[in-house]
Amino acid sequence: MGGQVSASNSFSRLHCRNANEDWMSALCPRLWDVPLHHLSIPGSHDTMTYCLNKKSPISHEESRLLQLLNKALPCITRPVVLKWSVTQEVPTLRQLWSRGQQVIVSYEDESSLRRHHELWPGVPYWWGNRVKTEALIRYLETMKSCGRPGGLFVAGINLTENLQYVLAHPSESLEKMTLPNLPRLSAWVREQCPGPGSRCTNIIAGDFIGADGFVSDVIALNQKLLWC
């Protein structure tokens, strides 16, 4: 599920006013000439879902069953889809500009890239599409064993619900499913290493990144580059 209710994957240098707001300039000078795709960069999954509401249309990419339910019972279907779609806090352009912050956005929509040549090429996103934490971690480890892409790429630690899970947990939401699993996912993050190696990670993106110590954990991985 997701929205138009299925927003583009994106990652940003900063999401909230905290000690990490100048993390790139605070890196050790020895890392200033390291290629961006060899650094550890915190990211957020489906960032633009913060602007969804109950009137947002259901994506045409969703299942036929969901499309039918939306046509028959939109007053029930859309609120349910909404609570399983929103993944982040609420940023605004004015907030970002007033703080001198920058945002890099990665689009999966190839048609957008064709229409807007100023956009960067697509950034590969390792999306596990898993409900269970351990299954997601196994997927990510499998992807690492296949070798990292040559440029920027994203390892997504975001859990993904399916229709069966939603029907079995009608009172839950994506947030309620995700938050209890963040400690285990954060433990996996702290085990990673940036750099040029075949099993190295680059951008690591998650949902509800204001919770736990996700951003600090990802940034701290860059210290491992100084040990080499």
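**Salt bridges and one buried threonine**

Let me start with Glu 134, which is partly exposed at a relative accessible area of 37%. Keep in mind that this is a predicted model. I will take the charged pairs, then a threonine.

What does Glu 134 pair with in a salt bridge? The partner is Arg 184, and the closest N and O atoms are 2.8 Å apart. Glu 134 sits in helix H5, residues 133-145, and Arg 184 in helix H8, residues 182-190, so this pair ties together parts that are 50 residues apart in sequence. Arg 184 is partly exposed too, with 33% relative accessibility.

In total, the count is four salt bridges. The general idea is simple. Side chains of opposite charge can pair when their charged atoms come close.

Next pair. Arg 199 and Glu 141 meet through their side chains, at 2.9 Å from N to O. Again, distant parts of the chain are linked. Arg 199 is in the loop between H8 and strand S6, which spans 203-206. Arg 199 comes out at 41% relative accessibility, so it counts as partly exposed. Glu 141 has a relative accessible area of 25%, and that is partly exposed as well.

Which residues make up the network of salt bridges? They are Glu 141, Lys 144 and Arg 199.

Now back to helix H8, and to Arg 190. Arg 190 forms a salt bridge with Asp 217, with the closest N and O atoms 3.1 Å apart. Arg 190 lies in helix H8, and Asp 217 in helix H9, residues 214-220. The two are 27 residues apart, and they link distant parts of the chain.

Is Asp 217 buried or exposed? Buried, at 16% relative accessibility. The cut-off for buried is under 20%, so Asp 217 falls on that side.

Last stop: Thr 178. Thr 178 lies in helix H7, residues 174-178. Relative accessibility is 3%, so Thr 178 counts as buried. What lies 2.8 Å from a polar atom of its side chain? The backbone oxygen of Leu 174.

And the surroundings? Leave aside the neighbours within four places in sequence. Thr 178 is then in contact with Leu 159, Asp 207 and Phe 208.

To recap the pairs. Helix H5 and helix H8 are tied by Glu 134 and Arg 184. Helix H8 and helix H9 are linked by Arg 190 and Asp 217.

Conventions:
Residues numbered from 1 in each chain as written. Predicted model: local features only at pLDDT ≥ 70, side-chain atom pairs only at ≥ 80, totals over all residues. Heavy atoms only, no water. Helix = DSSP H or I, 4+ residues; strand = E, 2+ residues; numbered from the N terminus. Buried < 20%, exposed > 50% of the residue type's maximum accessible area, 1.4 Å probe, protein only. Polar contact = N/O pair within 3.5 Å; in protein donor to acceptor, adjacent residues only side chain to side chain. Contact = heavy atoms within 4.5 Å.
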